Amino acid sequence: MKLDELKGIKRQIICNRSRKEACVSEGVVAKVLLVLEKERDEETLSTAAQTIGSLCSIDQGILELLKCHGLPVLLGILVRDPKGTVAKQLLWTLKLVAKYDAKLLGDCLASNPEAVWSLGWQLKSTTPSVVLNTLQTLQLCAMESTEFVNTVSSMFDRTLFMCLLESQNRDVVLQSLRLHLHIINNMWSSPPASDSEEIIKMLRMKARQPNDVDLRLAACNCIVALFRHSARDSMSAHQEPYILATLMDLISLLDEKCVDAVRTMRQLALADEKLGSTIIELDILPKMIPYLEEDNDRHVIDVFSFIADLCDTNELARRQCLESGILSAVCNSLNSPARSVQVAACACFHMLSRSVRGLKMHVSTISKSIVRLLELARQYGERSLQLHAVSVLANLCSEPNNLRETLMKNGILTVFLEVYRSNNVSEAVREKSLLGIASLAYVSTRDIKQLISSSITQDDVKDLLDDIVPYDMMEHALILIRNMSHNFGPASSPLREHWDLDFILDRSLDIGTRDDSPTVFQIQCIYIAVNVASGTKVDKDAIVRSGWHKAAITFLKSTSDEVRAAAMWLLQNLVTSSQHLRVLKDLDVVHRLESLDTDPCLDIRGRATIVLEELEKASRGAQPQPRLRRRPNRQQQQQQQQQQQQRDSTDVLADYLQNNW
């Protein structure tokens, strides 16, 4: 194909889509590629490059280019003469290919490092359009091809990046920042070359660029990404000033309605716990409410995710959300038509529900969403949404208050049991539903325990206490049994009727006395025995028969105050019977109890004294006496009433301070 013919084709296809399609179908792409591969005349190559770029402006042209294996031809010209005019003209074609299939081009470049370095030469051009086309091509490929990121990162060094940041073209600077951000976020094998004080200073200058929100946000994103890449446990001394300054820049962007700044602040909070606390102390959360009322689902999801991360472990953040009205926005978003918004709102509610005492002040707001939460808990096809909904309900049931009573009236126990028995839920959802059942069993009535123990059978209990059960499921199962045995007596008779008490005691003893048993398991197992030992003589006999009285003495050597206190409580419940006093006396427990006089825990010392007194009485032949309340005289009654009034006023003041501090 001669030069005149190429010029004729070029004139025909300019701004003429139908003519381009006709040329592609006639095989012109293959002929032009042949010219690019064989010809050495500069003008002919330049015309051919312009022609192939015009033909590739339609998808059929790109497909034909790929079919004819045209990428190696184009990259070969880049490698052969990276500083030439033809190479610059072919950048437009490569950009079109990257828009069509960035992964294909990225993988092809990754296998040809020389071509990547040739593209690096284009970044040093003085023509802004050439630099911009190259940056956009690199960005598209880096977003789709992991292999390409590793290759381009070695070319995109500190000197080149600094040169691009000093460009007078705003679009070049912005695109350079975005490409560099992507490289940082995807290169974890070694620190990026640009992590230097000089680069940070330049980025800080760009972050304060007036009247350019996009440029400022891109610079802040790069600073945060560099910090996240280098941060290990906390900020270093030289990092803290520019990170805090960047945080203030992000807050100013937020004031300018730049919601994307929320995502960057979220990354800062996740990177360093101290920064998360700083964000909370700056009282930023109330500023989130207007963004939660937008129609932009992506912005709403970003804000909910940001709030959820801050409220995960921070009680102050949860309190701010409850006081600022974010809870109402969360409840309203549960009815959003967008499923992703529902998931984000439910996840945020999950974090807020960890402050049960704070939520009891907002019963009217939550009550409007209870029916919706119960519906979401039955969304078996949406596992993430169902998990958060069940978690919210389980947290709301964790304390006996008006909120739990409202949930009980709406059939929460039936929902928990239904979810737990379902075969179409994840293991995490079953764990949370079991925790909800355990919460409802605490300080509950005989009817509730009757329903639980009849629905979760003895076979279920055996499965839950099996060695292969996951950690969280085992913990929740022990909490359930402990709460079911609480106030052991008439209210706990359903536990005796439907479950094997001897098996539960033996199995809890086995779990609690293992060498590798976690402290939380030991505490729950001991309190199961404590609750049973508070029952009748038959129940105490079951404790002794299982060997729990011996284990309690062993647990007194534990380094955990909670474990020792629980073990001491178990011994105290056993000494109310003369028969079991003799059993303890035969174990020579006196010496061990006397050594607890110096125990740092006041509760343990007090209980040890009580048990020693009972043992001493038994050694003198005296019978242990139950601690009966004497009817107080009139003066004592008046004193008790005054003390109760003082306690009530103190409780009211404490609740007010806790909720309004």
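These legends go with a few views of a predicted model.

View 1. The protein has 42 helices and 0 strands, where helices (H or I, at least four residues) and strands (E, at least two) are DSSP runs, numbered from the N terminus. Of its 661 residues, 52% count as buried, meaning under 20% relative accessible area with a 1.4 Å probe, protein chains only. Take the contacts (heavy atoms within 4.5 Å) between residues at least 6 apart in sequence: 71% of them join residues at least 24 apart.

**View 2. Helix α5 and its buried face.** Here we're looking at residues 59-67, where G61, I62, E64 and L65 are the buried ones. Seen down the axis of α5, they fall within an arc of 160 degrees, so they line one face of the helix; the arc is that of the directions from the helix axis to the C-beta atoms. As for partners, the buried residues of α5 pack against α2 (17-25), α3 (28-38), α4 (42-55), α6 (70-80) and α7 (85-100). Just after α5, H69 takes a positive phi of about 55 degrees.

**View 3. H182 in helix α13.** H182 sits in α13, which covers residues 170-186. Its relative accessibility is 17%, so H182 counts as buried. Skip its neighbours within four places in sequence, and H182 is in contact with Q139, A142, M143 and V149.

**Notes on the views.** Residues are numbered from 1 along each chain as its sequence is written, and side-chain values use heavy atoms, with hydrogens and water left out. Since this is a predicted model, local features need pLDDT of at least 70 and side-chain atom pairs count only at pLDDT 80 or more, while totals for chains, interfaces and linings use all residues.

Note on methods:
Buried means under 20% relative accessible area, exposed over 50%, partly exposed in between (1.4 Å probe, protein chains only).
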